[in-house]
Amino acid sequence: MKCLESSVIKWTSTILASARRGIYDRALTYFLQMRRVGVEPNETTLSIAIKVCGQAVKPGFGICLHCLLVKNGFSNHLFVASALVTMYSNFDHTVAARKQFDEMHERDSVLWNSMIAGYSQNGFNKEACNLFNNMIKNYIDWKMCVNSYTIASVMKACSGLASSFTGLCLHGYAIKLGFVTDLFVSGAIIDMYSKFGYIDMARIVFDQIGERDVVVWNTIITGYAHNYFSKEAIDLFRQMQCEGFLPNETTYASLLKASTLIGDSSIGICFHAKTLKLGSSSNVYVGTALVDMYSKFLEMENAEKAFEDMNKRNLVSFNALVTGYSLIGSHERTFRAYLDLRTEGMKPDSYTFIGLFSSCSVFAALVEGIQVHSHSIMFGLDLDTSVGNSLVNFYSKCGLTDHALKAFESINTPNSISWSGIVSALAQNGEGERALQNYCQMHKSFGKTDEFSSSSVLKAVSNWASDNQGKHLHAHMIKFGLECNIFVGSSLVDMYSKCGMARDAYIVFSIMPTKNVVSWNSMIMGYAQNGFCKEALVLFNKMINNEILPTCVTFIGVLSACCHAGLVEEGRKYYELMVHNYGILPSIEHCTCMVDLFGRAGYLNEAECFIHNSPFSEEASVWGSLISSCGLHKNSDVGFRAAKQSLCLDPCSSPVYANISNLYASEELWSEVEKTRDLMRAVGVEKDPGCSLIEL
């Protein structure tokens, strides 16, 4: 008997030695050899073997071990049960883990903590918190069960639930029970507050730690990076080195994220160099951070190189590459990366499909997008809120509002982004009435609306020029405190301008606490469109004095104002200012404004010369503007030359024929008017019908 016991102890020691060195396959091989030579494992051997299965993620082997220990009568041993709970949790089989936990009539701290940690690590945050509460309420000696591991697991669950109140209570527990000085618990508290966005509280906890380790430093640096405090994260990195701590892979992964947020690729390249020196650039976490960083800087060659240099890749690595390709609009390479992901046997997640739909949306790639949609259904992710939002955006960009609505209605739990997305989709595709209906429905469902949906619905109303609806919406936005938002304010300015209420537009503009270039452009365009040309130019000069850099849209407004006021020299000056001082390349809109400016003032030859010297001499619409001016001034020579150019460039455009017909009519050449109409019929061109809107 003693000989057999000695053999069990020796085999168990051998298995344990391999397990401690991380050679899990060898440890399990020793276990099988032990069985073959006729030595029966005891509860300790089985407990170690079960832990090895959990760490090596070998569910088949683990289930066989479970059967063996039940057969041998060890299933009621506490430490064996704890090992089973941990093993099933590692397999993501939390139901089996909970079944094993519930079957134990007696429970110790290890068993309670194993089950709480199992829930927490698998994302069952509510269940982890509930189990902790049950332990406190129903277990007499619960204080004996709570240790640093318990507190850390429940804090992770709290951060996953975004339950700041529970987290604060738990912090109080940690202080009361004396765990706050434990480094493991302190790190968990810092991580929890960082995920709540309470970075100042995380810093207070960090500063109170007497002796820190690399893990705590990494936690606070990661917290700052994830809360967009990039400069502070890099400053902490310098402080960490000054205090003699050597950064590791986790440190650099967070710093690479911070450098991405700063928007300076040179900082990221410096950290890349440090990872190369450390020999950690091929690490999966560092490599993924490098791919993500270079992708955000649109440097896909470097991103691909970082991806290829990785020894091992996970789903996050592939997702970073997919997102990078989608950012540069390369949907072919995006799909290639997706196919590689599938070839590796990986299952895509919601982030994968968000990247794929984003890529398809850039070029409205309908066929490819429908294929992606079918794959998202196949993996059961089409009902996911984030994927659903991307689907709505994709179908919107393709102009398929009915499909966008179906995608929206399929979302299990639409959030404010979902509602804003569908309102924006309908507004952008000219479905103003349905956009307004969904906006009202959003208000009924949520009790409030946000700045994105509000600015979208205002765009729809401005296209109708419906001042009554616009005023109602304005009152609604004042009620919910959205009027001062920069997006809503700019949309209100645009709406009132398009309704012909430039004075009201300026009142909104003047009370906006912060203004961006879009706000200024909306007001300048509003003044120009409503004939307040002097005010438009005064506002432009005020914009320049406020050091707001004008854009191409700004100059469309300015040139339109000059055109309506007949300010030829001023218009010429502003055009030269745009091209030479601000380096803005003239667009077809700018050139059309200049042709209209010269034409209205009677400078028809100069307008013709301007077109010939512009980059848009092959655009029929520019010549059409000149034809209109020739009809106004009854200059048939320039007009007929312009008409000839227009017909050569676009023989099927109804506005071209309309302009030519009007030119002949101005010269009372009625036979030519009739010939032009006959030519339209022969070519199959129909005049676009006019339309009017009335508000009931």
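Helices (H or I, at least four residues) and strands (E, at least two) are taken as DSSP runs and numbered from the N terminus. The structure is a predicted model, in which local features require pLDDT of at least 70 and side-chain atom pairs count only at pLDDT 80 or more, while totals for chains, interfaces and linings use all residues. Residues are numbered from 1 along each chain as its sequence is written, and side-chain values use heavy atoms, with hydrogens and water left out.

Two loop residues have a positive phi. Tyr 228, in the loop between α14 (214-226) and α15 (230-242), has a phi of about 70 degrees although it is not a glycine. With a relative accessibility of 61%, Tyr 228 counts as exposed; the term denotes over 50% relative accessible area, buried under 20% and partly exposed in between (1.4 Å probe, protein chains only). Ala 364 is found in the loop between α22 (350-362) and α23, and its phi is near 50 degrees. Ala 364 is partly exposed, at a relative accessible area of 31%.

Helix α23 (residues 366-378) packs with helix α24 (residues 385-397) at an angle of about 160 degrees, the axes being 11 Å apart. This makes α23 roughly antiparallel to α24, a term for angles over 145 degrees. Axes are lines fitted to C-alpha atoms, for helices over the stretch in contact, and angles run from 0 to 180 degrees between N-to-C directions. In α23, Leu 366, Gly 369, Ile 370, His 373 and Ser 376 meet Val 387, Leu 391, Phe 394 and Tyr 395 of α24, contact meaning heavy atoms within 4.5 Å. By class, the contact of α23 with α24 has six nonpolar, three polar and no charged residues. Here Ala, Val, Leu, Ile, Met, Phe, Trp, Tyr, Cys and Pro count as nonpolar, Asp, Glu, Lys and Arg as charged, and the others, Gly among them, as polar.

The axes of helix α19 (residues 300-309) and helix α20 (residues 315-327) come within 11 Å and cross at roughly 165 degrees; α19 and α20 are therefore roughly antiparallel to each other. Met 300, Glu 304 and Phe 307 of α19 meet Ser 317, Phe 318, Leu 321, Gly 324 and Tyr 325 of α20.

In helix α37 (residues 604-613), the buried residues are Leu 604, Ala 607, Glu 608, Phe 610 and Ile 611. Asn 605 and Asn 613 are exposed on the other side of α37. The buried residues of α37 pack against α35 (568-581), α36 (588-600), α38 (620-633) and α39 (636-649).

Terms used. Angles under 35 degrees count as roughly parallel, over 145 as roughly antiparallel, 65 to 115 as roughly perpendicular and the rest as oblique.
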